[in-house]
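Please read it with the sequence and the coordinates side by side.

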Amino acid sequence: GGASSDGGGGTSPGGSCTLLGAWKQTSSFADASQVSHPLPSFGVNGRFYVHTMATGGGERILKFAAQGADGSLGAWQIAAADHGGGPHGFTAVVVGKEPFHFRNGHIARYPLDAAGKMTGDVVLVESNPDTAFGGNRYVWDSALVATVSGKSWVVHLGGFSFTGYTYKPQVYRSEVPLQPSFTAVGLNHPAQRPGKCAFIAPFIFTGEGDGSSLWRSKLLADGKLEPWTGLAALPSGTDNQRGDWFAIDGTLFVVRGAKVFGAKVDLQGALGAFAEQPALPEPQIDVHWGEAHLEGSSHAVLGDYVYLTGKKSVHYAPILRNQPCN
């Protein structure tokens with residue numbers, strides 16, 4: 001997930017909409033021995049970062065490429081030969097200009113230099129991984145950055161916890177700058193296995209890790225959430241139905257296999273009809289954990305382009321604003 005502004009855009013009939021143009025592909029970031037998913041990707045400071053690991057969960061490399069004026073990504077470079085983290089899926093978010101990830105009870109900041117490379121291992125923010133998320137050691141999880149009433153929050157929507165070795169859907173939050181421990185919101189994610197999420201102020205949209213259900217909640221100024229409201233199911237896609245969610249100009253975009261859908265969100269949080277955007281040339285997700293475990297967030301919106309990590313390359317498309325709605 002990620003922050004997005006209200007207003008403009010959408011895919012409901014009439015008015016002006018924000019749509020996506022045709023997708024292009026970058027050069028490959030991985031060879032036959034490497035995979036990207038279910039590890040996360042993120043974009044920051046005009047660069048797009050991809051976590052890779054050797055097939056079977058071996059060597060882990062963090063790569064990045066710089067954004068060009070036409071949206072293309074330049075040559076892939078190594079940001080860190082071993083970026084840390086285990087073989088389980090986890091998620092990453094960008095808070096301001098700093099990327100973080102959450103894994104197994106850790107709140108980890110990526111220390112990046114001016115050239116985009118890591119200056120060392122991730123910097124751990126938590127005081128104790130057993131208390132950072134109320135005793136839960138999350139992997140296969142979901143989180144987003146949100147701003148309401150001038151305050152920015154990171155909201156963690158739960159996931160699989162090594163504490164108890166089961167899914168724990170409790171929702172936690174931290175005001176920005178990130179604190180050594182998150183505070184329980186007092187609300188559970190509506191799915192037993194939390195799925196993807198996106199934020200369109202002041203609303204959080206989220207789904208389930210292995211299905212098409214969709215829910216909405218309102219984020220309040222104190223970082224608490226209103227009870228979840230169930231919405232109509234997501235439209236059917238292709239292949240494994242899996243992919244990223246992101247928000248641009250008040251429009252919620254959802255990837256399901258190779259299909260991409262967009263729906264406008266009004267000021268009351270109501271969704272317009274989902275309309276198909278240009279399809280990806282392939283299903284976004286090629287490797288996912290068994291038992292419906294969640295892939296890490298693998299997208300970024302950088303300027304006028306959106307990026308999605310695919311099987312071995314990154315797909316990118318221009319953002320088309322003020323377009324006639326379908």
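Thr18 lies in strand 1, and Thr18 is buried, having a relative accessible area of 2%. Buried here means under 20% relative accessible area, exposed means over 50%, and partly exposed lies in between, with a 1.4 Å probe and protein chains only. Strands (E, at least two residues) and helices (H or I, at least four) are DSSP runs numbered from the N terminus.

The model is predicted, so that local features need pLDDT of at least 70 and side-chain atom pairs count only at pLDDT 80 or more, while totals for chains, interfaces and linings use all residues. Residues are numbered from 1 along each chain as its sequence is written, and side-chain values use heavy atoms, with hydrogens and water left out.

## The disulfide

The structure holds one disulfide, a term for a pair of cysteine sulfur atoms within 2.5 Å. Cys17 is joined to Cys325 with an S to S distance of 1.8 Å, and the link of Cys17 and Cys325 is right-handed, with 100° about the S-S bond. Because Cys17 belongs to strand 1 (residues 16-20) and Cys325 to the segment after strand 29 (314-324), the pair ties together parts that are 308 residues apart in sequence. Both Cys17 and Cys325 are buried; Cys197 also counts as buried, at 2% relative accessibility.

Two strands pair if DSSP finds at least two bridges between them. Strand 27 (residues 299-302) runs antiparallel to strand 28 and is joined to it by four bridges, with Ala300 standing opposite Tyr307. The hairpin of strand 27 and strand 28 has two residues between the strands, and in this hairpin Gly303 takes a positive phi near 60°. Strand 28 and strand 29 are also antiparallel and are joined by five bridges; here Thr309 stands opposite Val314, and a hairpin connects strand 28 to strand 29 through four residues.
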